[in-house]
Every structure is written in structure tokens, then in C-alpha cells.
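Please read them with the structure open beside you.

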Amino acid sequence: MRSSITFLIAASLICIHGAPSLGQTFSPPPLLFTGMDGILISDGGMEIPVWGYGLTADGYITVPGPLLEYETGDDVNLAFVNNSPESHTIHLHGLDVDQANDGVPTTSFIVVQDDVGSYAFTASEPGTFLYHCHVTTTLHLTMGMYGMILVRHPGGVLFEGGPTYYSDAPLLFSDLEIATNLAPVQSFPFHDIRPDYFMVNGRSGSQLETGSTGTPGEPGTILSCPNGESLALRLGSMAYTLTKLIIPSELGAMCYMSDGRPVPTPFEVEELDIYPGERFTVLISPDAEYDGTIEVQSWDMVNQTFVHSNFVRIRDAALNIGAPQTQETLSLSISPNPSDDFISINSYDERNLADWTIFNTSGQMIAKGHCNSPSMRIDISHFESGSYILESINGEHLKRARFVR
Ligand SMILES: [Cu+2]
């Protein structure tokens with residue numbers, strides 16, 4: 001439960017002139033919680049009820065749940081607190097875990113209301129994996145209880161002896177039937193659901209470029225890497241439909257891994273079918289000045305008919321310089337993050353922060369002010385623990401970034 005009291009704090013403010021400090025990282029221990037009171041804002045602005053997982057440090061659930069990242073060989077204890085009124089589990093889809101830790105209720109265990117569950121396993125194989133709740137599975141899936149797991153191999157290679165790459169681009173495909181989410185009453189056979197809302201990383205349509213309003217502070221999904229480098233597309237489907245990717249040949253896409261193992265012979269892909277539960281790792285290498293999209297088609301598996309397309313933009317990183325800032329995390333940095341006392345805020349484009357406001361995740365204003373500099377420092381020691389959004393508005397330039405106290 002969130003406090004209903006609004007604290008309006010006159011934050012002490014120091015403007016700083018100087019270079020932004022880059023490179024801060026935020027990797028809390030993966031302690032998850034479950035919630036059944038989430039809202040996903042659709043591309044059309046509709047509020048869709050969702051259930052899901054979130055980081056306890058953040059205090060809100062997301063669809064998909066947080067990306068869980070490990071390194072090959074890690075011994076993992078994945079814990080979650082069930083704050084919701086129903087039982088849930090975490091099924092570790094595709095990982096080589098023992099039966100007791102697999103999250104299937106009949107052979108493993110369930111986590112009842114107000115209880116804490118913990119799954120122990122070794123991330124023995126590098127690759128792309130999924131997790132999802134396995135209680136009343138069809139219903140809990142369409143409500144949003146799933147996420148992606150990434151096991152990276154050390155040394156910047158996909159797997160032992162595999163290709164090197166520049167960075168990871170996780171793309172989780174999913175869908176839902178809006179009427180079911182509005183009235184989630186019972187389980188149903190897998191083939192009975194007719195999804196009518198289609199997502200990539202929880203976003204749809206224009207949200208894929210501009211960011212989602214349903215997940216505070218999250219950037220859009222625009223993928224870029226420097227010319228001559230490769231991006232590892234980490235592809236996984238939690239959809240009820242067939243996902244068909246149409247990949248432009250200029251990207252030189254090569255599939256190296258399927259379902260968490262290297263394929264015997266890597267192969268070129270321009271069209272890739274991903275069935276529910278499947279995962280692939282595909283390397284792409286955008287040419288100089290490449291700016292295009294991968295089409296993500298959703299196909300009804302019962303009628304074998306095309307139903308929807310989303311588009312994921314791929315761009316040569318050189319084109320981002322001087323381009324409009326659509327990736328919010330690139331426009332504003334906050335460090336250290338999390339912090340208990342002071343945070344430094346820096347605008348990458350050197351524009352003054354101008355009118356700034358801090359909101360909590362319920363959208364309540366916590367503090368505001370004006371800064372005639374691209375950098376400032378704020379005392380947040382008197383904020384309650386939790387997650388906040390800082391918004392800066394300078395004329396037509398809106399920037400947002402998230403921080404944790
Ligand atoms: Cu569940």
C-alpha cells in the first residue's frame with residue numbers, strides 16, 4: 001500500500017556548471033514482488049488492468065516483469081514476496097533447474113499471500129530465457145505475469161567460442177485480450193483466447209518510439225549500435241499468437257542460438273517465426289547511416305491469419321548525435337542512483353533544466369523548482385524510500401529520468 005499523504009518538499013538546490021558524469025549503474029539484488037493492482041496504459045491511452053512482477057526497490061509492477069540478468073555459472077537465489085491476494089510462482093522457462101525449483105505448482109511449490117518464495121539454480125548455460133507464473137497459467141499469463149532472463153557469457157561473446165557483440169537488445173513479444181484483463185475471473189484453454197492487444201517489451205504502436213506512459217521513466221525501444229558492431233537481439237515470446245519477424249536484409253541478421261543453446265550451424269534470417277515460449281538470439285549489424293525497422297507481425301494460430309504489426313526501429317548510433325532525443329535515458333542522467341542524500345542531474349544536450357518537477361510513482365508531485373543550468377544537485381534525504389520520476393521542461397523539450405531513494 002502506498003501512503004496517501006503527499007509530502008511537498010522544498011528541496012535544497014545547487015546548480016552546477018560542468019560536464020555530466022556518465023556511467024552510473026543501478027543493479028539491485030533481484031528481489032521481486034508480485035502485484036495484482038497494476039495498470040498498463042495502452043497505445044490509445046486506455047487503462048488496462050494487469051498483474052505482474054516488480055522490483056521491491058521500485059515498488060511498482062511492470063509488464064513484462066524486470067529483466068533478470070545473470071552471468072554463465074552464477075549461483076542464483078531468486079526470491080519474491082507475494083503481496084497479492086492470490087498464490088503465484090515463478091516458472092524458470094528453459095533454464096536447466098531441478099524440479100523443486102521449477103515453479104510448477106504440482107511438482108514444485110506455490111507462494112501464498114504474504115509469503116516469500118525463493119528459487120535456487122545455477123545459470124549453467126548462456127542464452128535467452130523466460131520466466132512466468134504457473135498458477136492458473138492461461139489467466140495469470142494474459143494478466144502479465146512474465147519476464148525475460150538473460151544469461152550472458154563472460155568476455156563479450158554469446159557463448160564459449162561464439163561471436164563477439166557490442167550490446168544486448170532484449171525484445172519480449174506478448175499479447176493480451178483486453179476483455180479478459182477487464183474481468184479476470186477464470187482460467188481457459190490456451191486456444192480460446194483471442195488477443196487484441198500486441199506488445200514488444202510491454203509497448204505497442206507509437207509507444208515503441210516515444211516510451212510508455214504505463215512504466216514511469218522507461219525509454220522507448222529504439223535500438224542502435226555503432227557501424228561495424230553487432231547487436232544481440234534477445235528474442236522471446238510469451239504471446240498467444242505466432243510472432244513473425246520481418247528483418248531487412250541490410251541488417252545481415254544471423255541466428256546463433258535457439259532456446260538457450262547454440263544452433264549447430266548459424267544461419268541468415270530475414271523472416272523468423274517465433275512460437276509461444278520460444279527464444280532466439282540473433283545478431284544484426286546495421287550499416288553506416290542505417291535507419292529502418294524490424295516488423296513484428298502477430299498471426300492468429302487457430303485461423304492462421306495476420307492480425308497486427310508493431311515496428312522496432314534500428315539505427316546506426318552515429319545518427320543519434322544531434323537527432324531529436326527519443327530515448328529518455330540518453331537525455332538526462334541522475335547519479336548516484338540510488339542515493340540516500342544528494343543526486344546530481346545532468347542534461348546531455350546542454351540545455352538548461354529550466355522547470356523541473358519530481359513525482360512519485362503514483363503521480364503525486366513531491367518537489368519542483370527552476371534551474372538556469374544543464375546541471376543541478378538536489379538533497380533527497382528527506383524523501384521517503386521509493387522510486388521517483390524527475391521531469392524537466394525547457395520550452396518544447398521534455399526530459400524524464402527515474403531515480404530511487
Ligand atoms: Cu500468478
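1. Pro64 sits in the loop that runs between strand E3 (47–55) and strand E4 (68–71), and the peptide bond that joins Val63 to Pro64 is cis, with an omega of about -5°. Please keep in mind that this is a predicted model.

2. Asp114, in the loop between strand E6 (91–93) and strand E7 (116–122), has a phi of about 65°, and Asp114 counts as exposed because 10 C-beta neighbours lie inside 10 Å, where the cut-off for exposed is 12 or fewer. Thr136 has a positive phi of about 40° and belongs to the loop between strand E8 (127–132) and helix H1 (137–142); with 17 other C-beta atoms within 10 Å, Thr136 is partly exposed.

3. Which strands pair with E15? Strand E15 (residues 254–258) pairs with strand E16 (residues 261–268) in the antiparallel sense, over 4 bridges, and Cys255 stands opposite Phe267 in E16. The hairpin of E15 and E16 has 2 residues between the strands, and in that hairpin Asp259 takes a positive phi near 50°. E15 is also joined by 4 bridges to strand E18 (residues 279–284), and these two strands run antiparallel, with Met254 standing opposite Leu283 in E18.

4. Which residues touch the most other members of the largest nonpolar core? This core holds 71 residues, and those with the most contacts to other members are Ile149, Leu171, Leu231, Leu233 and Ile284. The core draws at least three residues from each of domain 2 (31–163) and domain 3 (169–320). A second, separate core has 19 residues, including Ile380, Phe383, Tyr388 and Leu390.

5. Leaving aside residues up to four places away in sequence, Leu231 touches Tyr165, Tyr166, Ser167, Ala169, Leu223, Cys225, Leu283 and Ile284. One of these, Leu283, is the residue in E18 that stands opposite Met254.

6. Finally, the chain as a whole. The chain contains 4 helices and 27 strands, and buried residues account for 40% of its 405 residues. If we take the contacts between residues at least 6 apart in sequence, 70% of them join residues at least 24 apart.

Key: Residues numbered from 1 in each chain as written. Predicted model: local features only at pLDDT ≥ 70, side-chain atom pairs only at ≥ 80, totals over all residues. Pairing = 2+ DSSP bridges. Core = buried A, V, L, I, M, F, W, Y, C linked by C-beta atoms within 7 Å. Buried ≥ 20, exposed ≤ 12 C-beta atoms within 10 Å, placed from the backbone. Domains from an automatic or database assignment. Contact = placed C-beta atoms within 7 Å.
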